Amino acid sequence: MKEKDLIPEEIALKICEEVREQNKKKKFSFAKVQCWGCMKYSQKKNDIRHRCIFSDENNRGYQLVNKIFDTRY
């Protein structure tokens, strides 16, 4: 894998939704809290571009999305 490969936006968003669904089922975890905060902030700003995945120019702003992407692709 090349260092910091770009994650296409549509794939990043799809994986983000998968991670959100997984975290909803957890009683408590750091990932659940991080996901909740990310969604709360992006909803407050009313802009999907404020999600954690977009905090890096390669759409690699969230480690769980990166891990799933690197495993699948």
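## Close-up views of a predicted model

Asn-59 is found in the loop between H2 and H3, where helices (H or I, at least four residues) are DSSP runs numbered from the N terminus. The structure is a predicted model, in which local features need pLDDT of at least 70, side-chain atom pairs count only at pLDDT 80 or more, and totals for chains, interfaces and linings use all residues. Residues are numbered from 1 along each chain as its sequence is written, and side-chain values use heavy atoms, with hydrogens and water left out.

**View A. Two asparagines in the loop between H2 and H3.** Asn-59 has a positive phi of about 60° although it is not a glycine. Asn-59 counts as buried because its relative accessibility is 8%; buried means under 20% relative accessible area, exposed over 50%, and partly exposed in between (1.4 Å probe, protein chains only). Asn-46 lies in the loop between H2 and H3 too. Asn-46 is not a glycine either, yet its phi is positive, at about 55°. With 72% relative accessibility, Asn-46 counts as exposed.

**View B. Leu-6 in the segment before H1.** Leu-6 has 51% relative accessibility and therefore counts as exposed. Leaving aside residues up to four places away in sequence, Leu-6 touches Glu-57, Asn-58, Asn-59 and Phe-69; contact means heavy atoms within 4.5 Å. From C-alpha to C-alpha, Leu-6 and Arg-49 are 16 Å apart in space, and in sequence they are 43 residues apart.

**View C. The largest nonpolar core, with 14 residues.** A nonpolar core is a set of buried Ala, Val, Leu, Ile, Met, Phe, Trp, Tyr and Cys residues joined through side-chain atoms within 4.5 Å. The residues with the most contacts inside this core are Ile-7, Ile-15, Val-19, Ile-53, Tyr-62 and Val-65. Helix H1 (9-24) and helix H3 (63-72) are the elements that give two or more residues to the core. H1 supplies the largest share, six residues. Not counting residues up to four places away in sequence, Ile-7 touches Ala-12, Asn-58, Asn-59, Arg-60, Val-65, Asn-66 and Phe-69. In soluble globular proteins, nonpolar side chains tend to be buried together.

**View D. The packing of H1 and H3.** The angle between H1 and H3 is about 115°, and their axes are 9 Å apart; axes are lines fitted to C-alpha atoms, for helices over the stretch in contact, and angles run from 0 to 180 degrees between N-to-C directions. H1 and H3 are therefore roughly perpendicular to each other (angles under 35 degrees count as roughly parallel, over 145 as roughly antiparallel, 65 to 115 as roughly perpendicular and the rest as oblique). H1 passes H3 in a right-handed crossing; a crossing is right-handed if the near helix is turned clockwise from the far one by less than a right angle, and left-handed if anticlockwise. On the H1 side the contact is made by Ile-11, Ala-12, Ile-15, Cys-16, Glu-18 and Val-19, and on the H3 side by Leu-64, Val-65, Ile-68, Phe-69 and Arg-72. By class, this contact of H1 with H3 has nine nonpolar, no polar and two charged residues (Ala, Val, Leu, Ile, Met, Phe, Trp, Tyr, Cys and Pro count as nonpolar, Asp, Glu, Lys and Arg as charged, and the others, Gly among them, as polar).

**View E. The packing of H1 and helix H2 (residues 30-44).** H1 and H2 pack at about 125°, with their axes 9 Å apart. That angle makes H1 oblique to H2. The crossing of H1 past H2 is left-handed. H1 contributes Arg-20, Asn-23 and Lys-24 to the contact, while H2 contributes Ala-31, Lys-32, Cys-35 and Met-39. Sorted by class, the contact of H1 with H2 has three nonpolar, one polar and three charged residues.
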